[in-house]
Amino acid sequence: MKIVIVGAGIGGLATALSLAAAGLRDVTVVERAQGLRPLGVGINLLPHAVRELTELGLVDAVAAIGTAPGRLSYFNRFGQPVWSEPRGLEAGYHWPQLSVHRGEFQLLLADEVRRRLGADAIRLGWRATGVEHGVAGADGRVVERARFADAAGAELVLDADVVIGADGIHSALRAQAHPTEGAPPWNRLVLWRGTALAPTYLDGRTMIMAGDAEQKFVAYPLVAPGTEAGMTRVNFIAERRAPEGVDETADWNHAVDPAPIVDLFADWDFDWLDVPAIIGAADEILEYPMVDRDPLDRWTVGRTTLLGDAAHALYPNGSNGASQAILDARSLAFHLATTADGGPDGIDAALAAYEADRRPITTKLSAMTRQLGPERVMQLAFERAPQGFADIHDVIPEAELREIADAYKVAAGFHPELLNERSSLTPAARA
């Protein structure tokens with residue numbers, strides 16, 4: 001079975017590795033960028049994704065470029081604690097949660113794809129222009145015909161049994177299948193992402209979120225405690241709702257002056273964390289609009305399907321986007337390896353099984369992240385006690401806080417009891 005993957009981001013590369021691990025090795029990844037560079041800032045890989053990386057034989061390499069947070073804590077905008085819970089191994093998972101630099105993780109995956117599938121498995125500098133479905137290939141078989149163009153206007157044509165669109169939130173393959181959809185909708189929140197060397201806070205292994213639906217700050221370490229005495233390299237996200245009348249102007253990877261953002265958070269100096277100082281110490285701050293995609297009623301057209309942000313771009317509430325792309329990759333590879341028998345009916349059944357597994361889950365997650373996901377605990381604290389509180393349980397019962405946290409884990413597929421007992425996505429013949 002010949003498979004073409006459009007896009008060499010985390011989802012596309014994880015798919016190539018998952019296919020190879022499942023015994024499907026005739027795989028080509030085509031990427032529009034001329035080269036892969038370590039762009040971006042930090043991401044979190046939740047235990048359900050780390051389980052899949054473990055089964056792919058990658059967990060040690062990934063852990064070596066990041067760190068494992070042991071706790072997630074929510075606070076209001078005064079730095080008062082709302083909810084805190086252990087994460088990863090400390091929460092009873094069989095796998096850790098890992099915080100890594102997105103660009104370094106992408107390069108690690110790319111290196112593994114080339115090592116496992118060959119130096120030519122990734123083709124750079126080719127932009128997808130469309131797919132023709134169900135055409136006659138050179139040997140008379142019915143194939144998907146993917147077309148690409150380079151910067152000089154040359155064309156690359158690849159025939160495949162399956163084409164996978166992992167080309168991100170601005171997916172060309174999604175746009176072909178849904179030409180009237182338009183741009184991703186903006187919810188009027190602007191995000192500023194960066195990394196900074198900051199004094200170690202709390203226990204040095206805690207991911208924190210502070211604020212509410214109008215303004216929020218997130219920070220977590222990217223290196224293990226003790227790497228630099230008294231200091232920690234942290235990833236942060238600062239977020240603020242734009243005033244009415246302000247158009248969406250933020251763009252991906254657009255560097256901005258930190259001073260106005262420092263001003264927005266000037267009074268967020270908690271006794272355990274100096275938020276404006278962290279923002280001011282950033283190496284670089286990149287501005288993004290918070291956008292997502294409306295759920296689709298189908299991902300597959302012909303034998304071309306979507307994956308990751310191309311299929312279900314989510315708001316970052318819950319820190320789950322990259323993890324869901326990895327789960328997509330593993331599910332799709334599993335079904336292609338166990339359902340598709342090389343014939344068209346088997347491929348169709350595999351793609352249908354993949355959608356049946358993944359589309360309802362990500363559709364539900366889309367609705368939950370639009371309602372703040374697990375971060376709803378901070379908004380409830382703001383709504384019920386906008387000026388703060390003496391004890392959060394005077395405002396929100398512990399049972400209600402726990403229910404919000406657990407409901408999101410169940411929906412996203414990483415509640416510890418469910419995840420630890422779930423069957424493997426490695427085909428039995430390969431386990």
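I call a residue buried under 20% relative accessible area, exposed over 50%, and partly exposed in between (1.4 Å probe, protein chains only). The model is predicted, so I kept the cut-offs in view: local features need pLDDT of at least 70, side-chain atom pairs count only at pLDDT 80 or more, and totals for chains, interfaces and linings use all residues. Residues are numbered from 1 along each chain as its sequence is written, and side-chain values use heavy atoms, with hydrogens and water left out.

**Entry: Glu 112**

I started with Glu 112. Its relative accessibility is 15%, so Glu 112 counts as buried. I found Glu 112 in helix α4, residues 102–117. Helices (H or I, at least four residues) and strands (E, at least two) are DSSP runs, numbered from the N terminus. I then looked up its contacts, meaning heavy atoms within 4.5 Å. Leaving out residues up to four places away in sequence, Glu 112 touches Leu 17 and Leu 58.

**Entry: salt bridges**

Side chains of opposite charge can pair when their charged atoms come close. I counted a salt bridge where a side-chain nitrogen of Lys or Arg is within 4 Å of a carboxyl oxygen of Asp or Glu. That rule gives 29 salt bridges.

**Entry: Arg 115 and Glu 112**

Which residue forms a salt bridge with Glu 112? I found Arg 115, with the closest N and O atoms 2.8 Å apart. Arg 115 is exposed, because its relative accessibility is 60%.

**Entry: Glu 52 and Arg 422**

I next checked Glu 52, which forms a salt bridge with Arg 422; the closest N and O atoms are 2.7 Å apart. Glu 52 lies in helix α2 (residues 47–55) and Arg 422 in the segment after α13 (416–421), so the pair ties together parts 370 residues apart in sequence. Is Glu 52 buried or exposed? Glu 52 is buried, at a relative accessible area of 0%. Arg 422 is partly exposed, at 26%. I also noted a network of salt bridges that links Arg 51, Glu 52, Glu 55, Arg 330 and Arg 422.

**Entry: Arg 370 and Asp 294**

My last pair was Arg 370 and Asp 294, a salt bridge with the closest N and O atoms 2.6 Å apart. This pair links distant parts of the chain, 76 residues apart. Arg 370 is in helix α10 (residues 344–370), and Asp 294 is in the loop between β18 (285–291) and β19 (304–306). I logged Arg 370 as partly exposed, with a relative accessible area of 33%. Asp 294 is partly exposed too, with 39%.
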